[in-house]
Amino acid sequence: MIPYGRQHIEDEDIQAVVEVLSSKMLTQGPMVPAFEEEICSRVGAKYGVAVNSATSALHISCKALGLGPGDILWTVPNSFVASANVGLLCGAEVDFVDIDPNTYVMDIYFLEQKLKESELKGKLPKIVMPVHFAGQSVDMKPLRELSIRYDFKVLEDASHAIGGKYLNKNVGSCTYSDITVFSFHPVKIITTGEGGSAVTNDFSLFEKLTLLRSHGVTRSPNLMESSSPKPWQYDQIGLGLNYRMTDIHAALGISQIKRLERIIQRRHEIANCYDKELADLDILLPFQASDSFSSLHLYPIQVSNREEIFHSLQRDGINVNVHYIPIHTQPFWRRKGFRVGDFPNSEHYYDNAISIPIYFGLSDEEQSYVISSIKKAFLAQK
Ligand SMILES: *Cc1c(COP(=O)(O)O)cnc(C)c1O
């Protein structure tokens, strides 16, 4: 089977992990801070907090930004369920802004309309979470302007987008946001097995994220509240979780992130080939906004006869997938009062979408096979 995405592990990755396994520290050693530094220097952020998943990173980011009962978080329906779940996990309400039908990411015009209506109702959000779907950046500059006008925080879900750019700045530079989150799940751009990271330029958010990651406990002299702390002292000064990343995972991350440019470049080669080879078929190819550079985590196509094409590719051993079932149409979210029809652009996109294989290790031969299988599927429809 050719999957739609998969990790790429090289010998040096294995070596890096093995070295940690025979070292003194499996967790809370030198690897996690080294990985955080590596991420920050790549994306151009001041502070990084690596954790055990992007979901954890989103959760503690919402908490660090003060989200709680009585507050509201907005994200998009075209994302993985975790983007919305973290709002509820903080005790807040969650609502959605529909996507732009061309870029499949949050539509800033819809956002502005919804802000205007919500201001009248006194129901403005505390956090807006744009999702850089497939690696395509949201139009962050006008979003930031709206965040100043309507006084909300911006939390970027960049699970798909490490290595991408917007207006010549790296995604993760937090130029137009408070916090950015990356995922290192195996199917994402680089992997740590499971893992994620939050990055920010705000020192006080960094301190909060660090506390939330590890039980609300600190040994940092300037944070401790005990008057004359003993050498063994640790102070719990807040409420936190254990969302720590291990050094084993971080070592894999350090090894992987060294190849980030090469990985993104290969993804662009694959996408360029699809762009060319599929241009003549009745397929809507993914659109890349000219003011941004996509990391190309996914290559989502839209076809009118999705089900037949999907089955045909699966029969040929190509394990295509669909991203995403609109969150608000999931049974859990329907029980919260959302209805099919609430966010028509996300629903229409979903009805036609298929993610075809794109990943570093996809060979030219495998891609040619995928292309001929797609062409065959279309011919069979005629
Ligand atoms: C993968 C993903 C997540 C969750 O990431 P984990 O690291 O698996 O927790 C959140 N949001 C989006 C958009 C994702 O694709």
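This is a predicted model: local features need pLDDT of at least 70, side-chain atom pairs count only at pLDDT 80 or more; totals for chains, interfaces and linings use all residues.
Residues are numbered from 1 along each chain as its sequence is written, and side-chain values use heavy atoms, with hydrogens and water left out.

Let me begin with the sheets, where helices (H or I, at least four residues) and strands (E, at least two) are DSSP runs numbered from the N terminus, and where two strands pair if DSSP finds at least two bridges between them. There is an open sheet of 7 strands with mixed pairing, and its order reads β2-β10-β9-β6-β5-β3-β4. Its edges are β2, residues 47–51, and β4, residues 93–96, each of which pairs on one side only. At the β4 end, strand β3, residues 72–75, runs parallel to β4 and is joined to it by 4 bridges, with Leu-73 standing opposite Val-94 in β4.

An open sheet of 3 strands, with antiparallel pairing, has the order β8-β7-β13, and its edge strands are β8 and β13 (292–293), each pairing on one side only. Between β7 and β8 there are 2 bridges in the antiparallel sense, and Lys-165 has Asn-170 in β8 as its bridge partner. The loop between β7 (165–166) and β8 (169–170) holds Leu-167, whose phi is near 45 degrees, a positive value in a residue other than glycine.

Now to the pockets, for which the protein atoms alone are placed on a 1 Å grid: a pocket is an open set of points where a 1.4 Å probe fits, with protein on both sides within 12 Å along at least five of seven lines, and lining residues have an atom within 4 Å of a point. Grid points are joined across faces, edges and corners, and a volume is the space filled by probe spheres set on the points. The largest pocket has a volume of about 650 Å³, and of the 28 residues lining it, Gln-28, Thr-210, Arg-213, Ser-214 and Val-217 are the closest to its centre. Helix α7 gives the most to this lining, with 6 residues. By class, the lining of the largest pocket has 12 nonpolar, 9 polar and 7 charged residues, where Ala, Val, Leu, Ile, Met, Phe, Trp, Tyr, Cys and Pro count as nonpolar, Asp, Glu, Lys and Arg as charged, and the others, Gly among them, as polar.

The second largest pocket holds about 370 Å³ of space, and of its 24 lining residues the closest to the centre are Phe-80, Ser-183, His-185, Lys-188 and Tyr-324. The largest share of that lining, 3 residues, comes from α3, and by class the lining divides into 9 nonpolar, 12 polar and 3 charged. Tyr-324 also lies in the loop between β15 (318–319) and α11 (331–334), and the peptide bond from His-323 to Tyr-324 is cis, with omega near -10 degrees.

For Lys-188, an N or O atom in the side chain is 3.0 Å from an oxygen atom of the ligand; a polar contact is a pair of N or O atoms within 3.5 Å. The protein covers 92% of the 380 Å² of accessible area that the ligand has on its own, with areas from the Shrake-Rupley method and a 1.4 Å probe.

Note on methods
A polar contact is a pair of N or O atoms within 3.5 Å; within protein, one must be able to donate a hydrogen and the other to accept it, and residues adjacent in sequence count only if both atoms are side-chain atoms.
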